[in-house]
Amino acid sequence: MSSTTLIAAQPTTGAQEIIELERQYLLQNYARYPLVLDHGEGAWLWDIDGNKYLDFIAGIGVNALGHNHPRITRVIQEQAALLIHTSNLYYHRYQGLLAKKLSEVSGLQRTFFSNSGTESMEGAIKAIHAHGRRIQPGKYEIISLENSFHGRTIGSLSLTGQPKYRADFEPLMPGVRFVPPNDLVALEAAFGERTAGVVIEWIQGEGGIFPMTDAFAQLARSLADKFDALLVFDEIQCGVGRPGRYFSYQLTPQPVMPDIMVAAKPLACGLPLGVICMNERAAAAIRPGMHGSTFGGSALSCRVALEFFEILDGLLPSINRVGEYFRAELRKLSARFPVITEVRGEGLMIGAQLSVPGAPVVAEAMKRGLLLNCTHETVLRFLPPYVISEDDVDHAIGILSSALATLPATP
Ligand SMILES: Cc1ncc(COP(=O)(O)O)c(C=O)c1O
């Protein structure tokens, strides 16, 4: 299709008509911002009226290389013309290569490809159950953390330690025990012979950018070994380069290795792709026919992910450098605006804790051309693309400071 026909095929509706059409025909489950996006370039987005925004949320951590990255756009175009999807009945060139790359960067030997975070989490739950069943029939309990978020499907929701997401769907999957994050005593008390797995976000994302301590992760590892349970790290938000390492379990001087790691969001730069990476011990529980996915691991997504990893290898130093600069600038801002009470995070996964609700700040920032979001009511969450520079941070800080200045003075 020529670019002329492409443009001609686009409807000429305005923002209000687009929003109204969705209001009539879409399930009303999302509370969207009133912003209709048109296109992007690098860390910048434009709405359909031509207004420009600095994108510091990147599709909730998905658009890791920003928008229209020349190498990603090129491989999508090339691969789309060759082969998009094969199903998992057949081989294509890219699953094996990507699984090899994932094994090199994660230290885990085997990969399963899915399409999203929650689908990866569901597969990890099945692996935990299958592992437990091989040992003894009643070994199916899973320990998860309060304040965690693991997805919206029934299994993932069952492990999500936030009542607001669960309340409408109880009863959920049985056998889940919640413990407070970083509570060593509670973790130890929750383990028993029936424990088949423990699931941890190294840095809780939706929960407000709260990191685990090394001691907590180490204890989880040693208890999992003692009780022959699997240690699972959910790196869907906090992994794949965002923490300035390939995965956040590599942040510690002595990495705590999981048995299973799930990842998704940035892997294919906006195309759907999730992974479950396992060591041989965890993989041993899965036999042919026990799990699968029609769409998982398409030729298109896997080829894009391979290209993404080639680019990511060179970006890790700047993720660390720019992330550190951003946190330092936010801390300076907190001296001027004491409503910012704490700045947390690693690499380019950053939260600014407010003493007041964050939604008005997000709305004011959006009016001024900066996109971010608020999680856990009072945490400004920044998940910018990995390609941002210190200049982009300066621009964002300028907008944030004028957005914060609109807040009523706190006594
Ligand atoms: C830590 C974590 N786990 C799981 C999920 C679910 O991923 P998805 O929305 O792709 O299903 C998310 C999504 O935000 C997440 O942050």
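This is a predicted model: local features need pLDDT of at least 70, side-chain atom pairs count only at pLDDT 80 or more; totals for chains, interfaces and linings use all residues.
User: Why is α4 called roughly antiparallel to α12?
Analyst: Helix α4 (residues 70–82) and helix α12 (residues 299–336) pack at about 155°, with axes 10 Å apart. That angle makes α4 roughly antiparallel to α12, since angles over 145 degrees count as roughly antiparallel (under 35 roughly parallel, 65 to 115 roughly perpendicular, the rest oblique). Axes here are lines fitted to C-alpha atoms, for helices over the stretch in contact, and angles run from 0 to 180 degrees between N-to-C directions.

User: Which residues make the contact of α4 and α12?
Analyst: From α4 come Arg71, Ile72, Val75, Ile76, Gln79 and Ala80. The α12 side consists of Ala299, Leu300, Arg303, Val304, Glu307, Phe308 and Ile311. Contact means C-beta atoms, placed from the backbone, within 7 Å. By class, this contact has nine nonpolar, one polar and three charged residues (Ala, Val, Leu, Ile, Met, Phe, Trp, Tyr, Cys and Pro are nonpolar; Asp, Glu, Lys and Arg charged; the others, Gly among them, polar).

User: How do α5 and α12 pack?
Analyst: α5 (94–106) and α12 pack at an angle of about 35°, with their axes 9 Å apart. Their crossing is left-handed. Tyr94, Gln95, Leu97, Leu98 and Lys101 in α5 meet residues of α12 including Cys302, Ala305 and Phe309. The contact of α5 with α12 divides into eight nonpolar, one polar and two charged residues.

User: What makes α13 oblique to α14?
Analyst: The axes of helix α13 (residues 359–367) and helix α14 (residues 390–404) come within 8 Å and cross at roughly 125°. That angle makes α13 oblique to α14. α13 passes α14 in a right-handed crossing. The contact joins Val361, Glu364 and Ala365 of α13 to Ile399, Leu400, Ala403 and Leu404 of α14.

User: Which residues come nearest the ligand?
Analyst: Of the 15 residues around the ligand, Gly117, Thr118, Gly151, Ile236 and Gln237 come nearest. A residue is near if its C-beta atom, placed from the backbone, lies within 6 Å. Helix α6 (residues 117–135) gives the largest share of this shell, three residues. By class, the shell has five nonpolar, seven polar and three charged residues.

User: How is the chain divided into domains?
Analyst: Domain 1 covers 3–68 + 315–404 and domain 2 covers 73–311, with bounds from an automatic or database domain assignment. Their C-alpha centres lie 26 Å apart. The contact takes 25 residues from domain 1 and 22 residues from domain 2. On the side of domain 1 that touches domain 2, α12 supplies the largest share, five residues.

Methods. Residues are numbered from 1 along each chain as its sequence is written. Helices (H or I, at least four residues) and strands (E, at least two) are DSSP runs, numbered from the N terminus. Two residues are in contact if their C-beta atoms, placed from the backbone, lie within 7 Å. A crossing is left-handed if the near helix is turned anticlockwise from the far one by less than a right angle, and right-handed if clockwise.
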